[in-house]
Amino acid sequence: MDPHIVLAKTPQGVEVLSHRGHDLPRTLRHALILVDGRSTVDELEKKGAIIPEFLAALRELITRGLVAPRSAGGMGAAKSPASRVAASPYHRSLLGLAESILGERSEKVARKIEEAGPSREELAAVVDACYKLIRLTIDEAKAEQFREAAREALSRDV
Amino acid sequence: MKFDVSIVVSVLAILVMFYCLWLVLSLRKNIPGGVVGGTWKTLTSLVILFTLGYLVTPFFGLLPPVLTNVIVSLIFLFGAIYVVITVKLIYRIIEELAG
């Protein structure tokens, strides 16, 4: 995960925190509380040093669409790919993953995700296309990481 | 003034090679890594080498024949390596897209 990106709670994330009964493991809940929309991943890692597997928890929160990257120093999530299109929670989740895994190189992948149709089949096809794009032009290891996380995100019910 | 076809061809080759150099360098930022990005760096190095080699060709008449032969054979060798890398890259891209 890019240590310089700033993470913010999505409306879903805020909603989950406001309802105690929500099915969210304690580790994820604690990690979600720490996400303040101002701290970078690097800073959050220091704040959450006591939480086991903190980075994995952040990744999980992004996959669940509860947290999304926003541009560092920006005024709001409107600049972040994760919030440019609110077509569906799946879109937001995939955009968040792309941003967190690829950082500033996520632009082309984000565009592909934004253009994808709303069904899971269409999104699954776009994940495969993004995987190939990342593998060919960005980074082979990150391509695997993105595909794995994206498939997991698409397999969830939102 | 005597018209020398080889000089004209050499100058054309140098111009084409400079265009190629501009292409590889300007496209590089779009391909930071991955299967293509890794190979792109090697191809860029080879294009720089060819550009330098091609720049020498108009002066072949001034160089000792032994040196000329070495330069030409080196250009041929690296040209062959360039072709192998390009063919393998195209094949890998096809494999990735078909897979």
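Tutor: Helices (H or I, at least four residues) and strands (E, at least two) are DSSP runs, numbered from the N terminus. In chain B the elements run α-α-α from the N terminus on.

Student: What makes up the secondary structure of chain B, and what are we looking at?

Tutor: Chain B has 3 helices and 0 strands. This is a predicted model, in which local features need pLDDT of at least 70 and side-chain atom pairs count only at pLDDT 80 or more, while totals for chains, interfaces and linings use all residues. Residues are numbered from 1 along each chain as its sequence is written, with chains lettered from A and ligands numbered from 1 in the order in which they are written.

Student: How many residues of chain B are in contact with chain A?

Tutor: 10 residues of chain B are in contact with 9 residues of chain A. Contact means C-beta atoms, placed from the backbone, within 7 Å. H2 (34–56) and H3 (65–98) of chain B each supply at least two residues of the side that touches chain A. H2(B) gives the most, 4 residues.

Student: What makes up that side of chain B by residue class?

Tutor: The side of chain B that touches chain A has 6 nonpolar, 3 polar and 1 charged. Nonpolar covers Ala, Val, Leu, Ile, Met, Phe, Trp, Tyr, Cys and Pro; charged covers Asp, Glu, Lys and Arg; the others, Gly among them, are polar.

Student: What share of chain B counts as buried?

Tutor: Of its 99 residues, 6% count as buried. The cut-off is 20 or more other C-beta atoms within 10 Å of the residue's own, these atoms being placed from the backbone.

Student: Which residues of H8(A) are buried?

Tutor: Among them are Leu123(A), Val126(A), Cys130(A), Arg135(A) and Leu136(A). The buried residues of H8(A) pack against H6, H7 and H9 of chain A, together with H2 and H3 of chain B.

Student: Why are H8(A) and H3(B) called roughly antiparallel?

Tutor: They pack at an angle of about 160 degrees. Angles over 145 degrees count as roughly antiparallel. H8(A) and H3(B) are therefore roughly antiparallel to each other. Their axes are 10 Å apart; axes are lines fitted to C-alpha atoms over the stretch in contact, and angles run from 0 to 180 degrees between N-to-C directions.

Student: Which residues make the contact?

Tutor: Lys132(A), Arg135(A) and Leu136(A) of H8(A) meet Ile93(B), Glu96(B) and Leu97(B) of H3(B). By class, the residues of this contact are 3 nonpolar, no polar and 3 charged.

Methods:
Contact = placed C-beta atoms within 7 Å. Buried ≥ 20, exposed ≤ 12 C-beta atoms within 10 Å, placed from the backbone. Parallel < 35°, antiparallel > 145°, perpendicular 65-115°, else oblique.
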